[in-house]
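These are my notebook entries on one structure. I went through selected helices, their contacts and a few backbone angles.

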Amino acid sequence: MTPMTTQTTAATPAAAPTENASTGLIGIPPHIGRALATGGSILAVVSTFLAWTWTDEFPGDLTFYGYPGGLQVLVLVGGALATLFALSSYGVKGLGWLTPAGADAALKYAVLGTFVTAWYTILAISFKLGGLVNLEPGGYVVAAATLIALLGALALPFERPEPDPIDPDATGWELFRHQAGHRWATARAAFASGSPRPVRALPSYAEILIIVAVLALALVVFTYGIGTEYDELFIGFLITAGFAFAALNGAGLVAHASQITARHTNITVCGAFIAAACFPFTQTDDQYATLGVYILIFATVALGLNIVVGLAGLLDLGYVAFLGVGAYAAALVSGSPSSPFGVHFPFWAAVIVGAVASLVFGVLIGAPTLRLRGDYLAIVTLGFGEIFRIAANNTDGTSGPDLTNGSNGIASIPDLNILGFDLGVPHDIAGFTIGRFANYFFLMLLITAVVVLVFRRSGDSRIGRAWVAIREDETAAEAMGIHGFRVKLIAFAVGATLAGLAGTVQAHVTYTVTPEQYLFAGTTPPNSAFLLAAVVLGGMGTIAGPLIGAALLFLIPNKLQFLGDYQLLAFGLALVLLMRFRPEGLIPNRRRQLEFHEEAEAPTVLSKTGA
């Protein structure tokens, strides 16, 4: 009998990794890459003091030596920021506070932003003037310097993610998707930053000074952006501002600033309104104050919509109609010759009429429809928005009663006169001439403050917590004793009232109220689609989110008019990309941020609304 033997085979060892788990995207030694990024950033700063082209036909006049102008200023800012982060990465004494989350990710964003801005400028010069022959030495220097800095920054090491296992039976397409997904994960890891170290406690006066510095920086950036005089400069501003914010966020400075402002919320809010009130004094004429007042109107209405959508979770696609109700109601009682009533109420009475009219319409529309949910409610509100516009168009005395003057609207609405102060004429304040639109800017800023106060107080109240509960799970909220219909109706009524409040000022600013101003979608805000986009883009359930989102959505289309018919296409693509890579919005509610990014660290404290 042959004895049984057991044959064993040694397990095949796993293949050794072919690359270090902590390497750069480019095969350059890290110390050389860091030196290239530092030297290239410094050289980029120096190049801005050289001439980039020989003729002043390119906007901004980049022909001077020793004096940066136009797009050179943006490259100078980006290069200086990259240089500071690069020096901080070397551990230079006194710069450690710049990078509480690490310097490498911030350096990469800053270098990339400088590269994109510089090369965009070089290409714009070449296309506008007819070739690279129109470049001066400074143009070649900045192109080479930013390219060298980018190559060096991409050589900085980072922790590469482990690839997912591959199915041996996968098809070619599945293998391609797997490889593409891993490459994308690697690229994201290359620009990922660590968790910032906690900000140490500072004296109260020091933290308040930091808040003042942050608000002053925001005022400077906004003033520069709104005052860009030509298309190339505004696009360069968007590039520089976007990458600079990403760099500051990657460095951990944004998180530190957020922690400090959270300790002094009331001071931050008051400081923000003081900074906004300084904006008209930075202008030499009324041109950009016009944009400022329209941005505030749009932002105030978006903040009212944020109560309905962000807090209560009700998708309203016809919200701009409440703005129109308030505007029409105020216009009819403000002394316009087109009004059939022939009355002229004082401003405070017109405000009450506009707000109450919007409140009544909000209750009348909400009462029969708020028992619906989701898509059905959205369709009903969309219908209401269109019904309002069509009704305003038809109540012209021919198709219906003589009330709104049809498509001609209520015209020649007089300027406001509040306690003897005529908002329609310029006034001299402390040596500054404040024009008509600046006067309305201050009035609208006061109304915005009222809306912010209402949002904060209602969001932190018992009704605010009920809104959040309804938003998260209406069935569970009702099971816990919350009256869902009543809570939603209150949200609808409050949001409609705030929109009507803004509409009363809009009627006087624009002089004329017509139905075409209140569409569902169009190329210029405010309309329902832009209002909803402002809330989602900025961050639902927050105060700063819709304000920033509304400012961007009003300013960017106004500055991108050179795109013509392609304006909405470019705008839509930008929104798609933003929703793909930052679905929680620019200023996210922390609870929503955790929903979209489960790997994020949960905050120790959440407000009642999760902000």
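Is Tyr511 buried or partly exposed? I looked it up in what is a predicted model, and Tyr511 is partly exposed, since its relative accessible area is 34%, which falls between the cut-offs of 20% and 50%.

**Entry 1: positive phi angles**

I placed Tyr511 in the loop between helix 17 and helix 18 (528-538). Its phi is positive, about 70 degrees, although Tyr511 is not a glycine.

I then turned to Ser412, another residue that is not a glycine and yet has a positive phi, here about 55 degrees. Ser412 sits in the loop that runs between helix 13 (374-394) and strand 3 (417-418). I recorded Ser412 as partly exposed because its relative accessibility is 49%.

I also checked Gly91, which comes just after helix 2 and adopts a positive phi of about 80 degrees.

**Entry 2: helix 2**

I compared the span of helix 2 (residues 71-89) with expectation. Its 19 residues reach 27 Å from first to last C-alpha, close to the 27 Å expected at 1.5 Å a residue.

Which residues of helix 2 are buried? I listed Leu71, Gln72, Leu74, Val75, Gly78, Gly79, Leu81, Ala82, Thr83, Phe85, Ala86 and Ser88. Their cover includes helix 1 (30-47), helix 3 (104-129), helix 4 (137-154), helix 6 (204-226) and helix 7 (231-251).

**Entry 3: helix 6**

I repeated the span check on helix 6. Its 23 residues should span 33 Å at 1.5 Å a residue, and the end C-alpha atoms are 33 Å apart, so the two agree.

The buried residues I noted in helix 6 are Ala206, Glu207, Ile211, Leu215, Leu219, Thr223, Gly225 and Ile226. Among the elements covering the buried residues of helix 6 are helix 7, helix 8 (253-263), helix 9 (265-277), helix 10 and helix 19 (544-559).

I looked separately at Val220, which is placed in helix 6. Val220 is exposed because its relative accessible area is 54%, over the 50% cut-off. I also recorded that Val220 and Ala275 are 55 residues apart in sequence, with their C-alpha atoms 9.8 Å apart in space.

**Entry 4: helix 15 and its partners**

How do helix 15 and helix 17 pack? I found an angle of about 110 degrees between helix 15 (residues 462-472) and helix 17 (residues 484-510), with axes 10 Å apart. The two helices are therefore roughly perpendicular to each other, and the crossing is left-handed. Helix 15 contributes Ile463, Ala466, Trp467 and Ile470 to the contact, and helix 17 contributes Gly484, Val487, Lys488, Ile490 and Ala491. I classed these residues as 7 nonpolar, 1 polar and 1 charged.

I next examined helix 15 against helix 10 (residues 287-311). They pack at about 50 degrees, with axes 8 Å apart, and are therefore oblique to each other. On the helix 10 side the contact has Ile307, Gly310 and Leu311, which meet Trp467, Val468 and Arg471 of helix 15.

Conventions:
Residues are numbered from 1 along each chain as its sequence is written. This is a predicted model: local features need pLDDT of at least 70, side-chain atom pairs count only at pLDDT 80 or more; totals for chains, interfaces and linings use all residues. Side-chain values use heavy atoms; hydrogens and water are left out. Helices (H or I, at least four residues) and strands (E, at least two) are DSSP runs, numbered from the N terminus. The expected span of a helix is 1.5 Å times one less than its number of residues. Buried means under 20% relative accessible area, exposed over 50%, partly exposed in between (1.4 Å probe, protein chains only). Contact means heavy atoms within 4.5 Å. Axes are lines fitted to C-alpha atoms, for helices over the stretch in contact, and angles run from 0 to 180 degrees between N-to-C directions. Angles under 35 degrees count as roughly parallel, over 145 as roughly antiparallel, 65 to 115 as roughly perpendicular and the rest as oblique. A crossing is left-handed if the near helix is turned anticlockwise from the far one by less than a right angle, and right-handed if clockwise. Ala, Val, Leu, Ile, Met, Phe, Trp, Tyr, Cys and Pro count as nonpolar, Asp, Glu, Lys and Arg as charged, and the others, Gly among them, as polar.
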